[in-house]
Amino acid sequence: LWHLVRAIPMKDSTGAVVKWFGSCTNIDDQMRHQQVLEEKLKQHTAALMDSNIRLQSEMHERSLAQQELNQQNERMVRELTERSKRATNLAKIAELLHGCGDVKDACAVVAGMAPTIFPELCGALLLFSSSREILEVAATWADLDTKGFGPQDCWALRTGRLHVVAAGDQTAECSHVISGPHSYCCLPLLAHGEAIGILHFKT
């Protein structure tokens, strides 16, 4: 049991203690009540701290989710902007090609417009020579180093279809392309059902 004890000494003229007066009070109920209150305070404090930690965690997760959403929106806006720009440039090159008077003009248009339509690629336009025994470089962009070659050196001309080769794939490589850590594709150009050359793109 809890007790509160108080005592006061009674002294004589010499200062010697001659007797004591004191009291002893039972404070057990108050102390146990205080202990209960302190325990409840600890529990409430712990619960409050847990709630605060969960709230901070949720706020952090929401912040990360919001950042990811913002990044996705930014990427989407960039992609849509690039697509719109590419569509505009495609329409422009089609208009310019329609107005070309000869092959030289068409090659100049392709060489000038291709980098704006395919900014991530380098490429070349190759056309058959008059003898149709070799394809000659008519235009290049983004510093693609390529040379003329025979029609059998390109799978796109062999098959008459778009030929795509992923980096490292040696299954059906075109002989006119030097093997390396790059992807590329060749697109045959047709006029009146006859191949007149190819467009070659490289990453």
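Cys174 is buried, at 2% relative accessibility (buried being under 20% relative accessible area, exposed over 50% and partly exposed in between, with a 1.4 Å probe on protein chains only). This is a predicted model, where local features need pLDDT of at least 70, side-chain atom pairs need 80 or more, and totals for chains, interfaces and linings use all residues. Residues are numbered from 1 along each chain as its sequence is written, and side-chain values use heavy atoms, leaving out hydrogens and water.

Back to the cysteines. Cys174 has its closest cysteine sulfur in Cys186, and that sulfur sits 4.1 Å away, so the pair is too far apart for a bond. Cys185 also finds its closest cysteine sulfur in Cys186, but at 6.7 Å, again too far for a bond. Like Cys174, Cys185 falls in the buried class, with a relative accessible area of 17%. With a disulfide taken as a pair of cysteine sulfur atoms within 2.5 Å, the count comes to zero.

Now the pockets, meaning open sets of points on a 1 Å grid over the protein atoms alone, where a 1.4 Å probe fits and protein lies on both sides within 12 Å along at least five of seven lines; lining residues have an atom within 4 Å of a point. The largest pocket holds about 350 Å³ of space (the space filled by probe spheres set on the points, joined across faces, edges and corners). Its lining has 19 residues, and those nearest the centre are Leu97, Ala106, Val110, Leu125 and Leu189. Two or more lining residues each come from α1, α2 (103–117), β3 (122–128), β6 (184–191) and β7 (194–202) (DSSP runs numbered from the N terminus: helices H or I of at least four residues, strands E of at least two). Helix α2 gives the largest share, six residues. What kinds of residue make up that lining? There are 19 nonpolar, no polar and no charged residues (Ala, Val, Leu, Ile, Met, Phe, Trp, Tyr, Cys and Pro are nonpolar; Asp, Glu, Lys and Arg charged; the others, Gly among them, polar).

The second largest pocket comes in at about 200 Å³.

Leu144 sits in the loop between β4 (135–141) and α3 (155–159), and at 10% relative accessibility it counts as buried. Beyond four places in sequence, Leu144 touches Cys122, Gly123, Ala124, His200 and Lys202 (contact meaning heavy atoms within 4.5 Å).

Leu135 belongs to strand β4 and is buried, with a relative accessible area of 0%. Leaving out neighbours within four places, the contacts of Leu135 include Leu126, Phe128, Phe149, Pro151, Leu157 and Ile198.

| Pair | Apart in sequence | C-alpha to C-alpha |
|---|---|---|
| Leu144 and Cys107 | 37 residues | 15 Å |
| Leu135 and Cys154 | 19 residues | 10.0 Å |

Finally, Asn89, which is found in helix α1 (residues 28–98). Asn89 is buried, at 14% relative accessibility. A polar atom of the Asn89 side chain lies 3.4 Å from the backbone oxygen of Thr116. Thr116 is also among the contacts of Asn89 beyond four places in sequence, together with Met113 and Ile117.

Terms used: Polar contact = N/O pair within 3.5 Å; in protein donor to acceptor, adjacent residues only side chain to side chain.
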